[in-house]
Amino acid sequence: MSATADPLDPHTTANYVPADTLIPESDVSKKPSYRSSTTSVDSEVYATVEEFGRTYHGYKAGKYVMPNDEKERDRLDLQHMLFTQTVDGRLNTAPISSPQQVLDIATGTGIWAMDFAEQHPNSNVLGTDLSPIQPSYVPINCTFEIADAEDEWNFGTQFDYIHGRALLSCFTEPREMIRKAYESLAPGGYLELQDGFFPFKFLNPQPAEDNPVRRWLDFVQEATHKSGRSWDNVQHYAQWMAELGFVDVVEKRYNWPCGPWAKGDKMKRLGVYFMEDLSHAAEPICMKLFTRFLGWDEERVKAFVAELMPALMAKKLYLYETIVFVHGRKPFTNEGSQS
């Protein structure tokens, strides 16, 4: 069977933007003002937890699987480039124009929130996260708070646009997060989620059952199910949005090849970036999940990672991740009530 028969085949162009990608810079005629960022919580949230030679968030320690040290911040900023280049440098796909109040859930390093604030100087952008890893100086219209999006949302305002990216590992009940977003939006406001399907898939030829990458995907799937934070919910986002009352729900899917094996300059570039992203994420994922939920010791994890990394970079391994951009609008009051 030809690989090109798959509608999600990274070798095809049907699901992709054009190969030439430009990342726009902020309008130099509107130079942003900067100020010191602030948080809404006490100083103890700045404490970190050290494990496996990495640092993790101290506020509600253990909820999020990934570290928050400099290596991880670099990876998150690379991931920002992956998402934006996927859609021609855009920060969003929802048809927004001038949203006044904007919320970025699980903002990470804050790079999306700051870029959005620069491009929309009339917007007030709030980014929330468990880790205080955002820069000290940010655009004047951008603020950050340390908050847990699994708690009740008490922001004291309704938002015109809510953005969340790479949330697949963050929630025990992602549908509930979408409900909170709906309740926190002003009528006519948009929620946009940008995320990736898990487990990743392979094009033919399929790797053997004992291939370390295939085993890694199986182990991660098992561990995340045991953790109560399953990573395989992204495919439900659009359906959940519609069920919870969103209208004009639009989902677009793209693919990231892992490595420079796919055809086209853009796909090769995305493949190199995704390989770099994944190569830095794999070890902390294994360490945290496998020791906590599969009962492995550190030595066993290290030995497995030593097998995994060269297998991940093998030339004949056609691994890819499907990425989804989905947005929906909260209807206006009385919308649809007129006959």
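Predicted model: local features only at pLDDT ≥ 70, side-chain atom pairs only at ≥ 80, totals over all residues.
Q: Why are helix 6 and helix 7 called roughly antiparallel?
A: The axes of helix 6 (residues 265-293) and helix 7 (residues 298-312) cross at roughly 155 degrees. The cut-off is over 145 degrees, so helix 6 and helix 7 get the roughly antiparallel label. Their axes also come within 10 Å, and the crossing of helix 6 past helix 7 is right-handed.

Q: What makes the contact between helix 6 and helix 7?
A: On the helix 6 side, the residues include M275, L278, A282, C286 and F290, while helix 7 brings V301, F304, V305, L308 and L312, among others. Sorted by class, the contact of helix 6 with helix 7 has 12 nonpolar, 2 polar and 3 charged residues.

Q: Why is the pairing of helix 4 with helix 7 called oblique?
A: Here the axes of helix 4 (residues 212-227) and helix 7 cross at roughly 120 degrees. Roughly perpendicular covers 65 to 115 degrees and roughly antiparallel needs over 145, so helix 4 and helix 7 end up oblique to each other. As for who touches whom, P212, V213, R215, W216 and F219 of helix 4 meet F304, E307, L308, A311 and L312 of helix 7. That contact splits into 8 nonpolar, no polar and 2 charged residues.

Q: How do you know whether C286 and C170 are buried or exposed?
A: Check their relative accessible areas: C286 sits at 0% and C170 at 17%. Buried means under 20%, so C286 is buried, and C170 counts as buried too.

Q: How many disulfides does the count give?
A: The answer is 0. A pair would need its cysteine sulfur atoms within 2.5 Å to qualify.

Q: Which peptide bond into P199 is cis, and where is P199?
A: The bond from F198 to P199 is cis, with omega near 0 degrees, and P199 lies in the loop between strand 9 and strand 10.

Methods:
Residues numbered from 1 in each chain as written. Heavy atoms only, no water. Buried < 20%, exposed > 50% of the residue type's maximum accessible area, 1.4 Å probe, protein only. Axes fitted to C-alpha atoms, helices over the stretch in contact; angles between N-to-C directions. Helix = DSSP H or I, 4+ residues; strand = E, 2+ residues; numbered from the N terminus. Parallel < 35°, antiparallel > 145°, perpendicular 65-115°, else oblique. Left-handed = near helix turned anticlockwise from the far one by under 90°. Contact = heavy atoms within 4.5 Å. Nonpolar A, V, L, I, M, F, W, Y, C, P; charged D, E, K, R; others polar.
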